[in-house]
Amino acid sequence: MNSLKAAICLLIVLFTFKSFASTVVINSDFSSHIVTNLTYSFEPSSIETALQLEPNKWHSVNTKLLNFGLESRPVWVTFEINNTLNNRFSPLILIDNPFLNEVQLFHLRNAQILSEMRLGDSFSLDERTIKSEFLLTKLTLPASSSTRVILKVSNPSGLRIPISLWQQDVYLTQKEGFNLVYGLMVGFLAALALSCIFLYGFTRKRYFALAGAITFTLGLFLAYLGGFGFRYLHPNIPTIQQVIMPILLILIALLFFPLQQQMCKPHAKKIIRVQKLITKLLAASLLFIWLLPNWLVTAYCLILTPLVLSLYFLTTYLSSRSHPSKSINALLLALGFFNAVTVYFIINVMGWYTFETMGLVIISVLFFSCTFCLCYAVMKQFITERDEQIIEQQTVIAESTAQDTLLKERLALQEEAQYELESQVDERTFELQVTLRELEEKNRELEQLNTEDALTGAKNRRFFDKKLVMELRRSRREQTPLSIIMIDIDHFKTINDTYGHLSGDNVIKATADIIKRFLKRPLDEVARYGGEEFVILLPNTANQGAFDIAEQIRLHIYQNPVIVAGAEIKFTISAGVYTFIADDINTPELFTECADKALYSAKQQGRNQVVNFETIQ
């Protein structure tokens with residue numbers, strides 16, 4: 001009787017757990033899944049107590065982004081995965097918050113631990129199971145199984161836990177796109193920063209240097225926000241990752257102070273004195289802030305930074321009222337946008353509101369709005385100062401020349417005008433030279449891009465057509481043999497159908513790399529003729545030499561399969577060789593047609609061979 005009661009109680013517990021636990025279903029159409037309807041608890045102290053915890057002590061939450069704010073206690077989160085496939089499946093589990101101190105992940109089946117992993121920004125890149133800036137690891141799901149994932153997350157600086165599952169190829173594709181967009185954003189901010197530094201070197205105006213420093217720090221902050229600062233700057237020093245974000249926020253706020261002093265003329269002296277004192281204290285705190293606990297550093301930054309920025313905003317606003325100008329208004333907007341960034345982080349870290357997928361978009365819009373306003377402010381300030389300087393110069397000239405006679409006045413004005421004109425001509429000439437030099441460099445870069453194939457790095461069809469005409473002229477002029485080799489990958493469609501188009505692209509690229517290794521002379525060129533077809537141009541090369549090179553390439557490819565994504569791809573090539581001494585340069589396509597006929601003959605004779613055009617005539 002007691003055994004029957006125990007069994008009934010166990011069934012009730014299991015049924016209750018199923019009613020609140022979130023289940024992720026893995027089927028043949030699975031690509032990715034954002035885990036929602038999570039259950040969590042703060043009560044367990046170990047995985048054993050978590051497994052024994054009563055179901056009513058697990059709390060369910062229906063949101064795409066779990067956010068507990070500044071919670072110092074570790075939280076336990078759980079969900080289930082149901083693998084309906086008849087084979088093992090290995091999805092990636094992603095916790096899209098690179099600033100969590102420590103995450104312990106337990107993968108269980110029938111209360112038995114299948115695997116246990118530790119993640120977090122307290123681990124260096126080499127210590128992570130997958131070397132990624134994000135908290136990423138791989139699960140192995142047995143065939144036709146139901147397993148459970150339990151995570152213990154500890155981070156006193158803010159418990160924000162976005163969890164998702166990914167099919168590996170889908171994740172890699174999404175990650176490539178994300179890296180590209182993120183790199184463009186960070187690169188754009190870096191380019192703006194360098195432009196400001198260049199203008200500082202040209203004009204010696206400090207506000208250009210300060211604007212460049214703020215923009216560069218904003219770009220660095222954005223890089224760290226995406227985890228790329230840790231990955232590329234200090235992958236083996238994780239302690240920097242844990243305090244760098246608050247320090248960068250404070251540093252950006254501090255850089256606004258000297259910029260404000262350069263651009264504004266505030267009259268509220270008492271407020272300015274208070275502002276200077278607070279700024280100095282905040283700057284001094286950067287010397288020891290890294291010694292404080294992480295949660296205290298975060299709280300310190302989120303409290304003081306918006307207060308200091310609000311004070312800057314107030315004094316800048318008072319200055320704009322007494323001395324209205326577009327540059328000060330733009331600086332006011334930049335301060336407002338950056339203060340909005342700090343407000344966003346306060347809301348996000350404290351867990352007052354969940355922005356979900358719009359968070360990165362909001363941050364990017366605020367960052368770029370702040371940067372644009374900042375750059376506009378310093379440019380407008382420079383233009384205004386230049387105009388004021390011109391007005392002052394004109395006033396001085398008018399006052400001095402008014403004391404002289406009409407003749408002396410005309411003579412002085414003429415000399416002054418000539419001097420200004422020569423200065424402007426020299427200045428414009430210098431600017432034109434710089435612009436022309438930059439244009440020439442861009443043209444050279446563009447020309448190089450226009451002559452290279454984007455996939456293989458080899459020359460493209462356009463370059464080959466031009467190069468062929470040049471070598472035909474050389475061959476006719478010097479009466480030297482010119483050899484052409486046409487190469488085609490055998491059964492390439494089968495490779496695409498079997499391994500996928502991405503692997504097919506890698507096979508094409510590998511073929512191009514192999515061909516390049518066999519070309520020893522500077523004048524020898526290989527070009528991608530189209531699709532999976534290549535053409536080699538060998539000036540001053542006899543027929544037997546060209547045939548030997550083609551055979552060496554064919555044999556190397558036949559004996560050395562290509563490894564792509566862990567798969568060994570064995571393939572072959574066919575080649576056609578044609579050698580001639582040019583006498584007519586007006587129809588270059590005739591020569592490539594001969595090599596192509598030889599290639600066609602190689603295909604007809606069974607592929608994986610080199611055929612000389614002379615043998616098929």
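Lys 467 and Glu 471 sit together in helix H12, residues 461–478, 4 residues apart, which is about one turn of the helix. Helices here are DSSP runs of H or I with at least four residues, strands are runs of E with at least two, and both are numbered from the N terminus. Before I go on: this is a predicted model, where local features need pLDDT of at least 70, side-chain atom pairs count only at pLDDT 80 or more, and totals for chains, interfaces and linings use all residues. Residues are numbered from 1 along each chain as its sequence is written, and side-chain values use heavy atoms, with hydrogens and water left out.

The side chains of Lys 467 and Glu 471 form a salt bridge, at 3.4 Å from N to O. By salt bridge I mean a side-chain nitrogen of Lys or Arg within 4 Å of a carboxyl oxygen of Asp or Glu. Glu 471 also meets Arg 474 in a salt bridge, at 2.9 Å from N to O, and those two are 3 residues apart in H12, again about one turn.

So, buried or exposed: what is Glu 471? Glu 471 is buried, at a relative accessible area of 2%. Lys 467 counts as buried as well, at 12%, while Arg 474 is partly exposed at 25%. The cut-offs are under 20% relative accessible area for buried, over 50% for exposed, and partly exposed in between, with a 1.4 Å probe and protein chains only.

How many salt bridges does a search of the whole structure find? The search gives 16. One of the pairs is Arg 386 with Asp 387, whose closest N and O atoms are 4.0 Å apart. Arg 386 is partly exposed at 42%, and Asp 387 is partly exposed at 35%. There is also a network of salt bridges linking Glu 133, Lys 175 and Arg 231.

Now to the strands. Strand S8, residues 102–109, has 6 of its 8 residues buried, so the rest of the structure largely encloses it. S8 pairs antiparallel with strand S11, residues 145–154, over 7 bridges; for pairing, DSSP must find at least two bridges between the strands. Leu 108 has Arg 148 as its bridge partner in S11. S8 also pairs antiparallel with strand S9, residues 112–119, over 7 bridges, and there Arg 109 stands opposite Gln 112. The S8 and S9 hairpin has 2 residues between the strands, and Asn 110 takes a positive phi near 55°.

Further along, there is an open sheet of 5 strands, in the order S15-S16-S14-S19-S20, with mixed pairing. Strands S15 (525–530) and S20 (610–612) are at the edges with a single partner strand each, so one side of each has no neighbour in the sheet. Inside that sheet, S14 (482–489) and S16 (533–539) pair antiparallel over 7 bridges, and Leu 482 has Pro 539 as its bridge partner in S16.

Last stop, the surface. Leu 287, Phe 288, Trp 290 and Leu 291 make up a nonpolar patch with about 500 Å² of accessible area together. Patch members have over 30% relative accessible area and no salt bridge; like charges are joined within 9 Å, and nonpolar side chains (Val, Leu, Ile, Met, Phe, Trp, Tyr) within 5 Å. The areas come from the Shrake-Rupley method with a 1.4 Å probe, and for residues only the protein chains shown count as cover. Leu 291 lies in the loop between helix H7 (269–285) and helix H8 (294–322), and it counts as exposed at 57% relative accessibility.
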